[in-house]
Number of protein chains: 2
Amino acid sequence: MKLAPRIVLLTSAAVLGASAASANELRDYALEFFKPLPSTVPAVADNPITKDKIDLGKALFFDPRLSASGVFSCYSCHNLTTGGDDNMETSVGHGWQKGPRNSPTVLNAVFNVAQFWDGRADDLKAQAKGPIQAGVEMANTPENVVATLSSMGQYVEWFETSFPDEAEPVTFDNMAKAIEAFEATLLTPAPFDSWLNGDDNALSEEELAGLELFMDKGCIACHAGVNIGGEDYYPFGLIEKPGSDILPEGDRGRFAVTDTVDDEYVFRAGPLRNIAMTAPYFHSGKVWDLKVAVQIMAESQLGEELSDEEAGKIVAFLGSLTGEVPTITTPVLPAETAMTPRPTAEVIVE
Amino acid sequence: MKLAPRIVLLTSAAVLGASAASANELRDYALEFFKPLPSTVPAVADNPITKDKIDLGKALFFDPRLSASGVFSCYSCHNLTTGGDDNMETSVGHGWQKGPRNSPTVLNAVFNVAQFWDGRADDLKAQAKGPIQAGVEMANTPENVVATLSSMGQYVEWFETSFPDEAEPVTFDNMAKAIEAFEATLLTPAPFDSWLNGDDNALSEEELAGLELFMDKGCIACHAGVNIGGEDYYPFGLIEKPGSDILPEGDRGRFAVTDTVDDEYVFRAGPLRNIAMTAPYFHSGKVWDLKVAVQIMAESQLGEELSDEEAGKIVAFLGSLTGEVPTITTPVLPAETAMTPRPTAEVIVE
């Protein structure tokens with residue numbers, strides 16, 4: 001676990017002053033912690049990204065037939081029209097069951113150190129297999145998914161083109177790899193990136209003041225890097241545990257992954273890109289107001305009571321992380337055949 | 001109710017012959033029954049279609065916050081990636097309840113004489129209000145929808161631009177009009193249109209043979225016009241009622257709309273564009289195989305037993321009605337605000 005780095009405070013003159021020198025000083029300082037989004041799709045481990053694979057991944061991402069019921073696709077809880085998540089406390093899935101944690105955004109998720117709130121999936125291809133099989137989400141099985149995809153000639157062709165060296169390309173693993181390839185393209189360059197890249201006018205004075213506060217107060221101890229978070233794990237309630245309405249006792253976070261006492265109530269720091277689009281907040285999804293969420297974080301993680309004005313400035317800065325969603329055209333999916341397993345809304349209780 | 005027109009049978013030489021004259025003869029004959037899709041968005045009653053209104057309608061169509069739970073949007077059951085429907089017998093809605101009838105495609109629906117299987121909505125703007133309020137579908141109320149849309153400044157602006165002469169443009173009616181405007185753009189020109197428009201090579205010999213059978217056998221009595229159906233109402237089982245597995249006794253069709261005995265088990269003839277993409281078939285959604293559906297129709301409506309070969313040819317023709325879905329980019333929707341009503345998955349039993 002990382003500790004908060006010692007933070008060199010900038011004078012506010014450096015932020016508010018009009019001189020190019022001070023603007024550059026703030027930028028140089030910010031660049032010690034943050035990185036702008038790259039201009040190209042990042043490479044991912046063990047999965048060369050090709051145009052064919054991205055296209056296949058997009059089809060799979062949108063295909064509700066990856067769920068047992070035919071109701072849910074990846075897109076259902078990672079809705080690309082609403083910030084890459086689903087605007088609910090926790091997602092509603094198969095049989096109208098509620099999932100245990102708030103759905104995180106898929107946008108820029110490729111830059112997170114690992115996936116899920118507890119980091120239990122190393123990467124997006126591992127993540128993709130989870131909800132498809134979870135009984136409370138898509139409630140499907142790898143066998144049924146492969147049978148579904150194999151039943152449609154167009155899908156078989158797409159897998160062949162995407163995995164050209166494989167004798168049996170239609171596999172659950174390759175499905176996950178294709179989804180990862182598509183998701184890796186979901187980058188949303190934001191005003192903050194323009195500013196980091198040298199455009200002084202990309203951020204307003206209030207946003208810059210918020211950025212300075214974000215750094216001065218120590219938020220950057222956990223929320224840094226290209227995703228302004230998502231890089232490491234920290235206890236929720238490092239200084240002071242929030243109430244059990246926000247941090248339910250039953251969900252001990254990363255403890256379930258590592259079985260280590262130190263990891264009780266430890267979660268991956270939330271990546272903050274597009275955070276203004278992805279209420280409600282925290283793994284419990286219990287807080288809808290971003291300013292309140294910022295104040296809770298300051299108190300529980302830093303022992304800081306932020307004034308309304310301070311929290312407002314930080315929220316303004318966070319707004320500059322709302323990026324441009326890439327243009328996504330809805331795919332045209334192949335029709336079922338006689339061989340396609342039929343959807344079932346039945347809820348199997350084990 | 002229309003009766004089957006007397007059909008002038010063509011010799012099969014007219015179909016299979018290579019001469020331009022016979023091809024034109026078949027086309028002229030077909031044009032007595034069918035109309036190609038227009039090249040422009042059709043006008044609709046009482047709702048001038050503008051670019052702004054289409055864009056707003058697209059946003060609304062994709063927005064799951066039109067449902068009480070936040071789970072369902074228009075797109076959920078009229079999925080534009082899978083033929084404009086949802087590939088289920090009947091849709092799954094709020095509280096995991098199943099709807100009473102198969103979800104019809106939204107593609108080209110603007111050309112249907114009325115909407116829903118029983119025609120209970122005069123047009124798409126009337127239709128759009130139904131599922132949003134249906135307890136088993138989106139389970140919302142007009143008041144809650146208006147509160148939701150009014151809570152987001154971007155939506156208010158979009159409504160103002162789309163309905164520039166109105167003092168209070170954010171209304172449930174205007175929501176429905178905008179959705180209708182977007183849906184009116186969902187036209188899918190198909191090979192059959194190319195052929196009707198004069199391209200002899202657009203249809204294969206088998207498809208042409210199927211077209212001839214489709215006309216000769218009398219399918220065109222109900223399935224004609226621009227949507228090859230969707231123009232009028234007919235009893236399901238005109239000659240011979242199919243089994244109650246396919247025609248459940250409890251659903252008496254248009255009888256519920258008109259309260260007229262003549263309308264018992266009467267339904268709007270299914271529009272057949274993209275029919276190969278929209279299994280399962282019939283209002284009950286009980287038949288997955290298009291060839292079987294064709295044979296059931298021939299028997300129940302025409303008293304004809306089609307050979308496997310004949311049904312196969314008709315299915316080939318129906319395949320030529322699969323059109324090109326317009327390029328649709330996913331909209332970027334505004335984020336909730338403090339004023340936005342929160343989603344609720346609660347099922348209210350009345």
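Which residues of chain A does the UniProt annotation "domain: Cytochrome c" cover? According to that unreviewed entry, residues 52–160 and 205–322; such annotations may be inferred rather than shown by experiment. This is a predicted model, where local features need pLDDT of at least 70 and side-chain atom pairs count only at pLDDT 80 or more. Residues are numbered from 1 along each chain, chains are lettered from A in the order written, and side-chain values use heavy atoms, without hydrogens and water.

**View 1. The two annotated spans of chain A.** Residues 52–160 are 39% helix and 4% strand, with end C-alpha atoms 10 Å apart. For residues 205–322 the figures are 35% helix, 5% strand and 17 Å. Helices (H or I, at least four residues) and strands (E, at least two) are DSSP runs.

View 2. Contacts of D85(A) (heavy atoms within 4.5 Å) include H78(A), T105(A) and M277(A).

**View 3. Now to D200(A), in the loop between α9 (191–196) and α10 (205–216).** D200(A) is partly exposed, with a relative accessible area of 35%; that class runs between the buried limit and exposed, over 50%. The side chains of D200(A) and R27(A) make a polar contact at 2.6 Å, a pair of N or O atoms within 3.5 Å, one able to donate a hydrogen and the other to accept it. A23(A) and W195(A) are also among the contacts of D200(A).

Note on methods
Buried means under 20% relative accessible area, exposed over 50%, partly exposed in between (1.4 Å probe, protein chains only). Lists of a residue's contacts leave out its neighbours within four places in sequence.
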